[in-house]
Amino acid sequence: AFILGNTPSLNDFNLSKLDGHFTIGINRAIYKIDPTILLWQDKDIYNYEKHIIDKSKSLKVCRDIADPMSKFFHFKLKQGYYKRTQDPSILHGRGSSGPLAVQFADAIGCNPIYLLGMDCLTRSGDTDFYGKNIFWKPHTRKNCLSGLKWIENAFSDKEIYNLSKRKDINFEEILSNIKRKKKGREYYLKKLFS
């Protein structure tokens, strides 16, 4: 799986090369790519972005309270710190959507997992790949860094690579080395719901 975050470093990747690969887009990653799965936890995402979310072909997965009309697939968000789960409908922790997307990908059996646009860094005053996020708070970066640290420690048994932080791993090379044939969106949706 390729998990697409929202930091400015997402602009460093040619996302058109992910066509036919399994992708999980977080929040507004949908501005850049129509992922296989779009995942969000905050109700403001749908309230502000429904015009693009409703047009998307992606499988929409969100926190139960972030979908007041019950149009999409839901996960419940348990209180406490981040924690691995075997049930993709129950995720743990708050404060950053990245760790939730990794929990989800892990729970549905993805391995390896590649993270793009998940380095918690800003650029030239931009908080996100599309510019300034109006919902960015002083604690947002701290929550993001804490989530990345958790991912690094909790998944030592899995292949998880943060391509936004590691310049020694080449995105283009990874794509060319994937042995499986690229599959279309329908293949992945059938696999998830077979």
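What follows is a short chat about a predicted model.

Q: How much space lies in the largest pocket?
A: About 800 Å³, in this predicted model.

Q: Which residues lie nearest its centre?
A: Asn27, Asp42, Gly95, Ser97 and Thr140. They belong to a lining of 36 residues.

Q: And which elements give two or more residues to that lining?
A: Helix 1 (43-53), helix 2 (97-107) and helix 3 (140-154).

Q: Which helix gives the most?
A: Helix 3, with 5 residues in the lining of the largest pocket.

Q: How do the lining residues divide into nonpolar, polar and charged?
A: The lining of the largest pocket has 13 nonpolar, 15 polar and 8 charged residues.

Q: Back to helix 3. How many residues has it, and how far does it reach?
A: Helix 3 has 15 residues and reaches 21 Å from its first C-alpha to its last. That is close to the 21 Å expected at 1.5 Å a residue.

Q: Which residues of helix 3 are buried?
A: Thr140, Cys144, Gly147, Leu148, Trp150 and Ile151. Thr140 is also one of the residues nearest the centre of the largest pocket.

Q: Where do the buried ones fall, seen down the axis of helix 3?
A: They fall within an arc of 160°, so they line one face of the helix.

Q: Why would residues three or four places apart point the same way?
A: Because an α-helix has 3.6 residues a turn.

Q: What about the other side of helix 3, which residues are exposed there?
A: Lys142, Glu152 and Asn153 are exposed on that side.

Q: Change of topic: strand 2. Which of its residues are buried on each side?
A: Strand 2 covers residues 23-26. Thr23 and Gly25 are buried on one side, and Ile24 and Ile26 are buried on the other.

Q: How many bridges join strand 1 to strand 2?
A: 3 bridges, and the two strands run parallel. Strand 1 is residues 2-4, and its Ile3 stands opposite Ile24 in strand 2.

Q: And how many join strand 2 to strand 3?
A: Again 3 bridges, with the strands running parallel. Strand 3 is residues 37-40, and Ile37 there stands opposite Ile24.

Q: Last one, Gly80. Where does Gly80 lie?
A: In the loop between strand 5 (73-78) and strand 6 (90-92).

Q: Buried or exposed?
A: Gly80 has 53% relative accessibility. The cut-off for exposed is over 50%, so Gly80 counts as exposed.

Q: How far apart are the C-alpha atoms of Gly80 and Arg94?
A: They are separated by 7.6 Å, with the two residues 14 apart along the chain.

Conventions
Residues numbered from 1 in each chain as written. Predicted model: local features only at pLDDT ≥ 70, side-chain atom pairs only at ≥ 80, totals over all residues. Heavy atoms only, no water. 1 Å grid on protein atoms, 1.4 Å probe; cavity = no way out; pocket = protein on both sides within 12 Å on 5 of 7 lines; lining within 4 Å. Points joined across faces, edges and corners; volume = space filled by probe spheres on them. Helix = DSSP H or I, 4+ residues; strand = E, 2+ residues; numbered from the N terminus. Nonpolar A, V, L, I, M, F, W, Y, C, P; charged D, E, K, R; others polar. Buried < 20%, exposed > 50% of the residue type's maximum accessible area, 1.4 Å probe, protein only. Pairing = 2+ DSSP bridges. Expected span 1.5 Å × (residues − 1). Arc of directions from axis to C-beta.
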